[in-house]
Amino acid sequence: MADTMRHAFVCGHPVAHSRSPLIHGFWLDKYGIAGSYEKLDIAPADIARFVTELPASRYAGGNVTIPHKEAAFAAVARRDEAAEIIGAVNTLWIEDGRAVGGNTDAYGYAASLDAATPDWRGVTSATVLGAGGAARAVVHALAQAGVADIRIVNRTILRARELADRFRGGTSAHGWDALPDLLPGTGLLVNTTPLGMKGASGSDVDVAALPDSAIVSDIVYVPLETPLLAAARQRGLASVDGLGMLLHQAVAGFARWFDVVPDVSAELRARIVADLEGAH
Ligand code: NAP
């Protein structure tokens, strides 16, 4: 019998930790769609072939997670503009019989700020902690939103320079020791490093040095309230956790594979928060 269901996946190595099946499973149930969203553990040696053979598979597409985002970028036949700029692919779909790759992390980050604190669109200066893959998406989101002064702060300054150089004008690179000078003029502070993750130490950023109007966001979401966000809240600053980015980045893929633009609702958020709390 022909399979009339649509199928999608998240592929990574390992992939057991991924919350994407919970998010997409919630939406499949909510919209009554006959489909599946599966976890696929793909070894690094197999990812390029997996991507090129996607059009002949049973899948409409899927998500790509660590460590395959760059390999997927290289393997697809075409990429969307965000993936080209960020240099990584987190979403795959099929067009004209070929695998196409996109990156929805920058959209997800901006959408999470829009939902939590729409005033961020007036920010003119941002300080980004970290210069890895996630920072590339965050800096792209900030540049697209017209943030004029984006300061990238990283332990390895060479990586901060490389990231700043990907974007023309408006970006600058700094070492961690520049923070005391940068924080007083910061409208939006973003942590994109794993500092503050469960089991890791916090970033010891002095939030007292930030202006009263500053917004503090952390893309780490385990725990939901990182030490940085707790310090910002205690100082009375607007703070945005990393779960919104995870939820909003999932919207575009679901829409492509299942033809429904899903809602990032309070109910979905509560479902994922319950899972995060249950797991830790
Ligand atoms: P990555 O490419 O490995 O980059 C990690 C960055 O953190 C680098 O800039 C690294 O600095 C810095 N770093 C790591 N350990 C550090 C330490 N002890 N002290 C100071 N800096 C340190 O990782 P990524 O893919 O960008 O991911 C970063 C974080 O974002 C992870 O926690 C991930 O879970 C989270 N994330 C969240 C979302 C979401 O949807 N909310 C999406 C993507 C990622 P060096 O260059 O000096 O090594």
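**Figure 1. Packing of helix α1 in the predicted model.** The buried residues of α1 (buried: under 20% relative accessible area, exposed over 50%, partly exposed in between, with a 1.4 Å probe and protein chains only) pack against strands β1 (6-12), β2 (35-41) and β3 (61-64) and against helices α10 (243-249), α11 (251-258) and α12 (266-279). Contact here means heavy atoms within 4.5 Å. Helices (H or I, at least four residues) and strands (E, at least two) are DSSP runs, numbered from the N terminus. Helix α1 covers residues 20-30, and its buried residues are S20, P21, I23, H24, F26, W27 and L28. After α1 comes G32, with a positive phi near 60°. Residues are numbered from 1 along each chain as its sequence is written, and side-chain values use heavy atoms, with hydrogens and water left out. Because this is a predicted model, local features need pLDDT of at least 70 and side-chain atom pairs count only at pLDDT 80 or more, whereas totals for chains, interfaces and linings use all residues.

Figure 2. Residues A160, L163 and A164 are buried in α7 (residues 157-166). Viewed down the axis of α7, these buried residues fall within an arc of 100° and so line one face of the helix; the arc is that of the directions from the helix axis to the C-beta atoms. An α-helix has 3.6 residues a turn, so residues three or four places apart point the same way. The face turned away from the buried side of α7 carries L158 and D165, which are exposed. The cover over the buried residues of α7 includes α6 (133-144), β8 (149-153) and β9 (171-174).

Figure 3. An N or O atom in the side chain of T156 lies 2.5 Å from an oxygen atom of the ligand. For R155, a polar side-chain atom is 2.9 Å from a ligand oxygen atom. At L246, a polar backbone atom is 3.3 Å from an oxygen atom of the ligand. The ligand taken alone exposes 930 Å², and the protein buries 75% of that; accessible areas come from the Shrake-Rupley method with a 1.4 Å probe, and for residues only the protein chains shown count as cover.

**Figure 4. The chain as a setting for the close-ups.** The chain contains 12 helices and 12 strands. Of its 280 residues, 51% count as buried.

Conventions:
Polar contact = N/O pair within 3.5 Å; in protein donor to acceptor, adjacent residues only side chain to side chain.
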